[in-house]
Amino acid sequence: MADTKIPDAPKGATGILVLADGTVVWGRGFGATGAAVGEVCFNTAMTGYQEVMTDPSYAGQIVTFTFPHIGNVGTNDEDVEADSPHALGCIVREDVTEPSSFRNNKPFDQWMADNGRIGLSGVDTRALTRRIREAGAPNAVIAHDPDGQFDIDELLAKARDWAGLEGMDLAVEVTGHQTKVWDSSIWRLGHGYAPLEAEESQGQGERPHVVAIDFGAKRNIFRNLVKAGAKVTVVPAQTSLDDILALEPAGVFLSNGPGDPAATGEYAVPVIKALLEKDVPIFGICLGHQMLALAAGATTVKMFQGHRGANHPVQRHEDGAVEITSMNHGFAVDGDTLPDTVEATHTSLFDGSNCGIALKNKKAFGVQYHPEASPGPQDSFYLFRKFVEML
């Protein structure tokens with residue numbers, strides 16, 4: 001798109017979004033001050049904004065929330081998927097209001113400031129979402145200055161100079177750096193994420209041991225593996241094959257994560273191929289699903305706008321059932337490149353893109369969506385049980 005005339009800043013504008021094509025969107029800044037460059041995407045979920053902001057898969061991205069009332073339930077220490085936010089910032093329609101949940105610990109705008117993340121409110125998010133749908137996810141800079149002073153030429157240059165997510169390995173930036181045993185199950189009201197019950201802990205030695213490779217995992221994935229009956233050890237993204245095998249896994253889990261799967265696959269795919277050759281059962285989610293496909297001989301592609309939301313219908317080929325799923329991905333497996341040894345198992349009913357594979361001669365499968373997010377709410381939990389039962 002050609003550069004557009006920069007609109008004058010409206011009265012009270014303290015935030016700005018500058019797209020690489022020259023488009024300028026004014027708003028009211030909140031959260032941290034400063035500027036951040038990344039890819040602008042949109043998420044259609046009505047709930048879970050704190051989980052979205054802390055999902056490592058959003059590294060390098062600025063999230064436009066299509067639901068207008070973001071921040072109205074505040075924040076707490078439980079509704080997070082990582083130690084800190086990974087999304088660079090967010091764009092919302094309405095100003096953040098006072099929290100209205102009994103679980104609130106801190107207002108969303110204060111939480112954003114404390115975590116160094118920039119917010120922009122007062123934006124016509126419908127128009128911005130339409131622009132992304134029609135022209136693709138753009139590179140942009142989001143900025144906040146309480147005095148409303150911005151060097152737009154400098155911000156525009158920064159947006160245009162950013163290389164974008166294609167070819168970028170972000171897993172190394174968000175992965176954990178230590179091997180650790182995961183010891184908590186799913187959340188319960190009044191109990192939180194409590195450690196395994198005493199009687200469950202006593203059976204840890206009898207549970208099948210899953211080694212989970214953390215490419216930017218959401219914590220709830222590990223909790224669901226534990227709920228399904230596994231003992232889980234989490235290892236960093238670049239853990240070697242020898243170190244994984246030394247843990248004597250009954251199966252290996254490949255986590256979600258940000259960035260280009262082909263870039264992360266440069267070091268991850270050889271390990272996955274070796275695990276397949278040794279007939280180690282494998283389950284992959286999102287980025288893990290994509291890299292399993294790469295290891296099996298398929299290719300991945302950058303999507304035009306990506307899938308991000310909690311209402312994505314996916315059809316299961318096995319019986320025709322439709323699962324309502326949560327998604328967050330800007331890359332996808334190219335279904336046309338699946339070799340004869342790989343079977344497509346799930347398909348998006350939105351655009352027909354591949355959402356699941358299974359290797360015909362191996363105990364290995366993956367899905368593009370997030371079964372741990374439970375938007376169905378339990379449509380997809382069977383995948384965790386299926387993996388644990390095959391070990």
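Trainee: Leaving aside neighbours within four places in sequence, which residues is Asn220 in contact with?
Mentor: Asn220 is in contact with Glu81, Tyr193 and Glu372, where contact means heavy atoms within 4.5 Å. Before we go on: this is a predicted model, where local features need pLDDT of at least 70 and side-chain atom pairs count only at pLDDT 80 or more, while totals for chains, interfaces and linings use all residues. Residues are numbered from 1 along each chain as its sequence is written, and side-chain values use heavy atoms, with hydrogens and water left out.

Trainee: OK. Is Asn220 buried or exposed?
Mentor: Buried, because its relative accessibility is 15%. The cut-offs are under 20% relative accessible area for buried, over 50% for exposed, and partly exposed in between, using a 1.4 Å probe and protein chains only.

Trainee: And where does Asn220 lie?
Mentor: In helix α7. Helices (H or I, at least four residues) and strands (E, at least two) are DSSP runs, numbered from the N terminus.

Trainee: How many residues of α7 are buried?
Mentor: 7 of the 9 residues in α7, which runs over residues 219-227, are buried, so the helix is largely enclosed by the rest of the structure. Besides Asn220, the buried residues include Ile221, Phe222, Arg223 and Leu225.

Trainee: What covers the buried residues of α7?
Mentor: The cover includes strands β8 (180-182), β9 (209-214), β10 (231-236), β11 (251-254) and β12 (282-285), plus helix α11 (382-389).

Trainee: Which residue with a positive phi follows α7?
Mentor: Gly229, with phi near 115°.

Trainee: Switching to strands. Which strand does β1 pair with, and in what sense?
Mentor: β1 (residues 15-19) pairs with β2 in the antiparallel sense, over 4 bridges. Two strands pair if DSSP finds at least two bridges between them. Ile16 stands opposite Trp26 in β2.

Trainee: What sits between the strands of that hairpin?
Mentor: There are 4 residues between β1 and β2, and in this hairpin Gly22 takes a positive phi near 100°.

Trainee: What else does β2 pair with?
Mentor: β2 also pairs with β6 (residues 118-121), antiparallel again and over 4 bridges. Phe30 has Gly119 in β6 as its bridge partner. As for cover, 7 of the 8 residues of β2 (residues 24-31) are buried.

Trainee: Now Pro85: where is it found?
Mentor: In the loop between β4 (61-65) and β5 (89-91). Pro85 counts as buried because its relative accessibility is 3%. Not counting residues up to four places away in sequence, Pro85 touches Met53, Thr54, Trp111, Asn115 and Arg117.

Trainee: How far apart are Pro85 and Val52?
Mentor: They are 33 residues apart in sequence and 8.5 Å apart in space, C-alpha to C-alpha.

Trainee: Zooming out, what radius of gyration does the chain have?
Mentor: 21 Å, which agrees with the value near 21 Å for a compact globule of 391 residues. The radius is taken over C-alpha atoms, and the globule rule is 2.2 Å times the number of residues to the power 0.38. The C-alpha trace spans about 65 × 50 × 40 Å along its principal axes.

Trainee: How many helices and strands does the chain have?
Mentor: 11 helices and 17 strands. Overall, 56% of the 391 residues count as buried.

Trainee: What share of the contacts comes from residues 24 or more positions apart?
Mentor: 74% of the contacts with a separation of 6 or more.
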